[in-house]
Amino acid sequence: MNWNPHIGEEAQDLVARKLSHESEEARTAVLRSAASILSKAVDPHVASGSETGLVVGYVQSGKTLSFSTVMALARDNGFQLVIVVAGTSKLLLKQSTDRLRNDLQIDRIEGLLKWKLLTGLADNETNRRHIQQTLGEWSDPDVAPSERATVLITVMKQHTWLRKLVNLLGHLDLTGVPTLIIDDEADQASLNTLVRQQRQSTTYQRLLDLRDAIPHHTFLQYTATPQAPLLINIIDTLSPSFVEVLEPGTGYVGGQGFFFGNRPLIRVIGPDDISTDDNPLADPPQPLREALRVFLLGVAAGLIEGRSARNLQRSMLVHPSQRTDSHAEYWQWIGDMFDEWQRVLELSDDDADKQDLIEEFRQDYTELASTVDALASFEDIVRRLPRAFRNTKIEQVNARSGKTPEIDWSQSYGWILVGGQSMDRGFTVEGLTVTYMPRGPGLNNADTVQQRGRFFGYKQRYLGFCRVYLEQEALNSFSDYVTHEEFMRHQLQELQRSGAPLREWKRAFVLSPALQACRRNVLDYDYVRGNYSDRWFYPGIAEAPDEVLVANRNTISNYIASINLVVDPDLADREPAQRHKVCRGLSLAQVVSDLVVPFRVTGAADSRNLIGLLLQLSHALEGNGDERCTVYQISPEFARSRAIDTNGKINELFQGATRLAAGGYSYPGDAAFRDEDTVTIQLHSLQLRRDGRTVIESVPVVAIWVPSRLRLQWISQHQPGQDD
């Protein structure tokens with residue numbers, strides 16, 4: 001905490017309105033989270049300063065409510081200016097601006113104006129005067145705090161819009177003006193996509209200019225996919241210094257609800273049912289027909305329940321690809337099925353076509369009833385099917401006609417939306433029950449895959465009606481992402497609780513090899529992949545500065561003194577160089593904390609691999625805190641030597657096996673000294689030789705064996721400036 005915010009009337013009223021149907025505990029949780037976030041901002045009572053924070057939520061989990069509450073709380077505590085950088089299109093900007101209008105009751109003109117909302121500002125005298133005069137109220141002692149308005153500016157995340165705003169702010173006196181900047185979907189478009197070319201992308205540069213124009217500000221990055229902001233260079237201006245992990249409210253259903261367990265809500269679209277250039281389909285595939293029937297059954301059931309504040313919409317999302325011609329194909333199929341089924345349902349009850357169609361609906365009804373409690377009878381639902389058709393609108397959502405259409409949700413109860421990228425990140429689909437996505441994961445960037453999950457959200461009340469139809473590879477990617485997301489959130493929550501700066505956090509995640517963490521063009525430093533499984537880890541670079549060697553010697557000697565090492569009975573008659581000592585049954589948790597964590601390595605690759613290994617061991621300990629470990633002290637009675645190159649790298653740590661002329665081995669080699677199913681650690685002490693002469697004595701090296709049962713796929717990134 002930099003300071004302690006006061007939870008005032010503006011924030012309390014907002015949360016009370018937005019969560020009027022929730023418990024007092026739920027409302028308090030949102031307020032506490034907002035206060036925690038704002039407490040890490042620059043204190044509004046100091047003259048100047050800047051801070052950067054990362055706020056991480058789930059997809060469709062209420063991030064907008066969080067930053068609306070933070071904004072209201074900022075107003076309660078004297079922040080005079082709030083800027084929201086929202087959306088990379090006019091549609092998304094309008095969507096965000098309209099939500100803020102509603103959340104903050106900006107259009108309510110009764111009483112005092114607490115907010116002055118401005119969008120798309122040009123640098124002219126009218127705007128300069130209006131903003132400066134509004135800010136001037138805050139320094140007038142005769143104006144009560146409740147009569148001072150906070151300036152709220154919403155701007156598209158696009159370099160032309162940002163440049164206009166920067167030019168306008170440059171003509172204002174913002175000295176001593178506490179400002180909050182919120183970057184919504186902060187991992188999209190904000191980061192420097194030219195970092196590897198040692199240049200600055202345009203939108204990134206404009207965001208830096210925006211920050212430079214405001215002497216007193218806090219920059220909050222909101223996202224559900226924080227991989228890129230976490231992996232950019234920690235000296236980057238947009239690299240966050242603190243993190244806040246948002247907990248979703250009651251009723252939220254995320255990745256675990258859809259992709260863990262037996263997955264009753266997931267359906268696989270086979271390759272033969274996906275229209276491609278190599279597999280053109282003349283007619284709508286069977287899974288699409290099924291998905292449409294399931295959706296219409298849900299609409300009919302919703303109409304029986306009756307429209308209410310908690311049952312406003314039922315929607316189906318069809319997301320075939322980025323190509324608009326593919327959208328048109330699926331839109332046409334759905335429209336044709338729609339018209340044909342309506343015609344058939346109007347036929348007489350003894351008509352064979354009608355009977356066949358109703359039987360298809362009956363089969364889908366039976367499956368739907370397995371996940372919906374107290375579902376209305378099939379007969380009641382069938383009678384409402386004609387009305388379900390009449391109350392459903394089909395819309396293409398793309399920029400084919402020049403701009404993406406805005407959905408007026410008040411115009412229909414049921415919606416079928418067909419589109420692609422326009423319905424990815426930031427686009428909210430009200431009452432979404434059925435998702436049909438016959439497309440692969442593309443480049444398999446983890447953040448992009450997850451942002452397509454519009455089917456996540458506050459759906460617990462009608463979750464049984466939800467179905468997600470996915471191509472197999474996309475299903476695998478979503479499932480892999482859920483594991484990655486939960487592990488990453490756990491790591492960030494631990495860091496948040498510790499109070500340590502985010503810059504000190506070792507960048508390491510659990511991540512399937514099928515996924516990339518994010519687009520690599522925003523990363524200064526690459527990450528490495530690893531998975532120690534029936535493999536040894538040991539640092540390649542043995543030469544190190546004196547202070548590192550001294551620290552490592554002390555770590556090793558102190559640890560050896562704390563355990564009971566004895567000569568391995570099988571080696572008692574060996575020559576001194578092969579008479580190793582061993583201690584079994586040690587606590588892995590203790591060994592990690594007392595030996596592995598304090599041991600320092602200096603090579604960048606060694607650091608990345610050690611961080612990943614520690615992640616793997618910590619995951620094993622979370623699964624079983626009583627994991628055991630074996631420790632060998634290699635050749636304690638005889639000094640071994642190893643050659644190193646000009647970079648301090650040893651060619652091979654382990655002494656090899658010695659073969660017998662008659663066959664077999666007189667010595668199996670150092671690598672053989674391990675317990676197959678237990679983490680094993682070897683402690684070596686080496687003389688390092690370069691060009692035939694000894695350059696360093698008594699260099700400690702740690703080698704660690706991980707059994708296959710503890711395998712875990714991870715990525716790790718080491719950044720200069722972080723402690724090794």
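Visitor: Let me start with Phe-242: is this residue buried or exposed?

Guide: First, this is a predicted model, where local features need pLDDT of at least 70, side-chain atom pairs count only at pLDDT 80 or more, and totals for chains, interfaces and linings use all residues. Residues are numbered from 1 along each chain as its sequence is written, and side-chain values use heavy atoms, leaving out hydrogens and water. Buried means under 20% relative accessible area, exposed over 50% and partly exposed in between, with a 1.4 Å probe and protein chains only. Phe-242 has 8% relative accessibility, so the residue counts as buried.

Visitor: Which strand holds Phe-242?

Guide: Helices (H or I, at least four residues) and strands (E, at least two) are DSSP runs, numbered from the N terminus. Counted that way, residues 242-245 form the strand that includes Phe-242, and its name is S7.

Visitor: Which residues does Phe-242 contact, leaving aside neighbours within four places in sequence?

Guide: Contact means heavy atoms within 4.5 Å. Thr-371, 129 residues along the chain, is 41 Å from Phe-242 between C-alpha atoms. The contacts of Phe-242 beyond four places in sequence are Ile-37, Lys-40, Glu-51, Thr-52, Gly-53, Leu-54, Leu-220 and Leu-502.

Visitor: Stepping back, how much of the chain is buried?

Guide: The chain has 18 helices and 27 strands, and its C-alpha trace spans about 95 × 80 × 45 Å along the principal axes. Among contacts with a separation of 6 or more, 79% join residues 24 or more positions apart. Of the 724 residues in the chain, the buried share is 54%.

Visitor: Which residues have the most contacts inside the largest nonpolar core?

Guide: A nonpolar core is a set of buried Ala, Val, Leu, Ile, Met, Phe, Trp, Tyr and Cys residues joined through side-chain atoms within 4.5 Å. In soluble globular proteins, nonpolar side chains tend to be buried together. The largest core here has 126 residues, and those with the most contacts inside it are Ile-83, Leu-210, Phe-258, Phe-259 and Met-316.

Visitor: How are H10 and H12 placed relative to each other?

Guide: Axes are lines fitted to C-alpha atoms, for helices over the stretch in contact, and angles run from 0 to 180 degrees between N-to-C directions. The axes of H10 and H12 (residues 352-369) are 9 Å apart, at an angle of about 70°. Angles under 35 degrees count as roughly parallel, over 145 as roughly antiparallel, 65 to 115 as roughly perpendicular and the rest as oblique. That makes H10 and H12 roughly perpendicular.

Visitor: What is the handedness of the H2 and H3 crossing?

Guide: The axes of H2 (residues 24-39) and H3 (residues 63-76) come within 9 Å and cross at roughly 65°. Residues in the contact include Val-30 and Leu-31 of H2 and Leu-65 and Ser-66 of H3. A crossing is left-handed if the near helix is turned anticlockwise from the far one by less than a right angle, and right-handed if clockwise. The crossing of H2 and H3 is right-handed.

Visitor: How many disulfides does the structure hold?

Guide: A disulfide here is a pair of cysteine sulfur atoms within 2.5 Å. For Cys-583, the nearest cysteine sulfur is that of Cys-629, 9.3 Å away. Cys-583 is buried because its relative accessibility is 10%, and Cys-518 is buried because its value is 1%. The number of disulfides is zero.

Visitor: What is phi for Ala-374?

Guide: Most residues other than glycine have a negative phi, and most peptide bonds are trans. Ala-374 lies in the loop between H12 and H13 (378-390), and this residue counts as exposed because its relative accessibility is 82%. Although Ala-374 is not a glycine, its phi is positive, at about 55°.
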